[in-house]
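Open the structure in your viewer and keep the selection tool at hand. The tour below goes from stop to stop and says what to select at each.

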Amino acid sequence: MTSSAVSTAVELINAPLLYKGKVRELYDLGENVLIVVTDRISAFDYVLDPAVPEKGNVLNRLSAFWFGKTKELMENHVVHIDVDLLGDIVKDKEALRNRVMVVRKAERIDIECVVRGCITGGGWRQYQETGKVNGIELPKNLRKNALLAQPIFTPAAKNDVGHDEDIPFEKMQELIGADLALELQEKSLQLFSFAREYCAERGIILADCKFEFGLLDGRVILIDEIFTPDASRFWAKDKYALDIEIDSMDKEPVRTYLSASSWDKNSKPDPLPLEVVEETTRRYLDIYHRLTGKSL
């Protein structure tokens, strides 16, 4: 494991920067887009310091792993993940090895497609208030973290500024059209079912996850990232329990530290302590190993 973290690739790429997200940077390659996955980490809508070593490496490799696993179920945007094929576009190939993904340009569909297999997180908060999640009525007296008899599809309208907005399926149909909405719902539930079964065989509960889709030559394809700790909630089976906050297999050490600190949540927090950063790296490496059977 290397000790250095990659906070940005801007100085390492000879291509125009299209977009800089909290974690990913997108560069224009003409027909395609280059995604570089950095080690930046965000929580509570702030990008934090310092970056977490190996995080981007894990996220990119896991996405590539899952895109490969699911390509028979759903076409995706991946062209390749080989930094050596990028020639002089990348100035320092070793710095970005395993962090790059060249993808086809697709028109993003502005809906975050969320599937929930458990009642937890934001879904639990909705259920407590209304007995529903995104307008879907659920059985009475469910307990926090309860496994749902059938996974539910709970979309959100994407906002580039501020939080995505949970919406009922009917609203999604109004926004993008009934046929497209039904196709995204069906594909999201299929993908979730596939990954949940795969995870279960490895002692992991896939509690919920999110997908993004795009249009390419009129076809729907899977884009962004899938089944990573940043796009999914993974629980170790041996940590599962009702009525508690389950320690999820992701950046939970960061959230726990910030929640217990005196940070006011209205300004960027102070740099994370080294032990929090190291534990977060360990979590990402652990979920990668458990899902793929490989080590970085």
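A residue is called buried when its relative accessible area is under 20%, exposed when over 50%, and partly exposed in between (1.4 Å probe, protein chains only). This is a predicted model, in which local features need pLDDT of at least 70, side-chain atom pairs count only at pLDDT 80 or more, and totals for chains, interfaces and linings use all residues. Residues are numbered from 1 along each chain as its sequence is written, and side-chain values use heavy atoms, with hydrogens and water left out.

**Stop 1: Glu225 and Arg24**

Select Glu225 and Arg24. They form a salt bridge (a side-chain nitrogen of Lys or Arg within 4 Å of a carboxyl oxygen of Asp or Glu), and their closest N and O atoms are 3.0 Å apart. Glu225 sits in the loop between β16 (219-223) and β17 (232-236), while Arg24 belongs to strand β2 (residues 24-28), so the pair links parts of the chain 201 residues apart; strands here are DSSP runs of E with at least two residues, helices are runs of H or I with at least four, and both are numbered from the N terminus. Both Glu225 and Arg24 are buried. The structure holds 25 salt bridges.

**Stop 2: Arg219 and Glu75**

Next, select Arg219 in strand β16 and Glu75 in the loop between α1 (55-70) and β6 (78-80), which lie 144 residues apart in the chain. Their salt bridge has its closest N and O atoms 2.8 Å apart.

**Stop 3: Glu112 and Lys158**

Now select Glu112 and Lys158, whose side chains meet in a salt bridge at 3.5 Å, N to O. Glu112 is in strand β9 (residues 111-118) and Lys158 in the loop between β13 (156-157) and β14 (165-166). Both are buried.

**Stop 4: helices α4 and α5**

Finally, select residues 169-176 (α4) and 178-200 (α5), which pack at an angle of about 125° with their axes 7 Å apart. On the α4 side, Phe169, Met172, Gln173 and Ile176 make the contact, meaning heavy atoms within 4.5 Å. On the α5 side, the contact residues include Ala178, Leu180 and Leu184.

Technical notes
Axes fitted to C-alpha atoms, helices over the stretch in contact; angles between N-to-C directions.
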